[in-house]
Amino acid sequence: VDSELGGRVMSETTDDGFVLDKGFAVFIEEYPEAKKLLDYEALKLKPFLPGALVKLKSRNNLARVADPLRVPGDTLNALLAPVGSLADKIKVLPLILNARTKSIEELFEENETDTETALIER
């Protein structure tokens, strides 16, 4: 339950003028109604790069958080990103290994947990 009205996706403007998106929306090109109504070629849709831009209180510009597993050329950017410590980034590796080495069925057989708990317990 959220204290604000609305759907899952919304925006908020910070005191220093940044517009932050809350939630996440994905457009899937295979939506049947979208295929009927939209001219994808005219829209010139492009994919998003994996990662995020993060607003930190201590910085005026946005910090880029990369995904080096999907874009190996971003490894250095991921390691140097000012979001999380190097130790935190290393702690994520067992989670990634677990997700990449097990089948979907095996993953769904695991006890459900949140990321923070998984990072502490693994």
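On a 1 Å grid over the protein atoms alone, a pocket is an open set of points where a 1.4 Å probe fits, with protein on both sides within 12 Å along at least five of seven lines. The second largest pocket here has a volume of about 410 Å³, a volume being the space filled by probe spheres set on the points, which are joined across faces, edges and corners. This is a predicted model, in which local features need pLDDT of at least 70 and side-chain atom pairs count only at pLDDT 80 or more, while totals for chains, interfaces and linings use all residues. Residues are numbered from 1 along each chain as its sequence is written, and side-chain values use heavy atoms, with hydrogens and water left out.

**The second largest pocket**

- The second largest pocket is lined by 17 residues, a lining residue being one with an atom within 4 Å of a point.
- Closest to the centre of this pocket are Ala-66, Pro-68, Ala-78, Lys-89 and Val-92.
- E4, helix H3 (75-80) and helix H4 (86-101) each give at least two residues to the lining. Helices (H or I, at least four residues) and strands (E, at least two) are DSSP runs, numbered from the N terminus.
- H4 supplies the largest share of the lining, with six residues.
- The lining has 13 nonpolar, two polar and two charged residues. Ala, Val, Leu, Ile, Met, Phe, Trp, Tyr, Cys and Pro count as nonpolar; Asp, Glu, Lys and Arg count as charged; the others, Gly among them, count as polar.

**Salt bridges**

- The structure holds six salt bridges. Each is a side-chain nitrogen of Lys or Arg within 4 Å of a carboxyl oxygen of Asp or Glu.
- One of them joins Glu-33 to Lys-36, with the closest N and O atoms 3.0 Å apart.
- Both Glu-33 and Lys-36 lie in helix H1 (residues 32-37). They are three residues apart, about one turn of the helix.
- Glu-33 is partly exposed at 48% relative accessible area, and Lys-36 is exposed at 63%. Buried means under 20%, exposed over 50%, and partly exposed in between (1.4 Å probe, protein chains only).
- Another salt bridge links Lys-102 and Glu-110, at 2.6 Å from N to O.
- Lys-102 is partly exposed at 34% relative accessibility. Glu-110 is also partly exposed, with a relative accessible area of 24%.

**Asp-67 and its partners**

- Asp-67 sits in the loop between E4 and H3.
- A salt bridge ties Asp-67 to Arg-70, the closest N and O atoms being 2.8 Å apart.
- Asp-67 counts as buried, at 18% relative accessibility, whereas Arg-70 counts as exposed, at 56%.
- The side chain of Asp-67 also reaches the backbone nitrogen of Leu-69, at 3.1 Å.

**Lys-55 in its loop**

- Lys-55 is found in the loop between strand E3 (51-54) and strand E4 (63-66).
- Its side chain makes a polar contact of 3.2 Å with the side chain of Asp-16. A polar contact is a pair of N or O atoms within 3.5 Å; within protein, one must be able to donate a hydrogen and the other to accept it, and residues adjacent in sequence count only if both atoms are side-chain atoms.
- The Lys-55 side chain also reaches the backbone oxygen of Arg-59, at 2.7 Å.
- Leaving aside residues up to four places away in sequence, Lys-55 touches Asp-16, Phe-18, Leu-20 and Leu-62. Contact means heavy atoms within 4.5 Å.

- Lys-44 lies in the loop between helix H2 (40-43) and E3, and is exposed at 62% relative accessible area.
- Lys-44 has a positive phi of about 50 degrees, although it is not a glycine. Most residues other than glycine have a negative phi.
- Lys-35 belongs to helix H1 and is partly exposed, with a relative accessible area of 44%.
- Lys-35 touches Glu-29, Glu-30 and Tyr-40, residues up to four places away in sequence not being counted.
- Val-26 is in the loop between strand E2 (19-22) and H1, and is partly exposed at 48% relative accessible area.
- The C-alpha atoms of Val-26 and Phe-48 are separated by 10.0 Å. Along the chain, these two residues are 22 residues apart.
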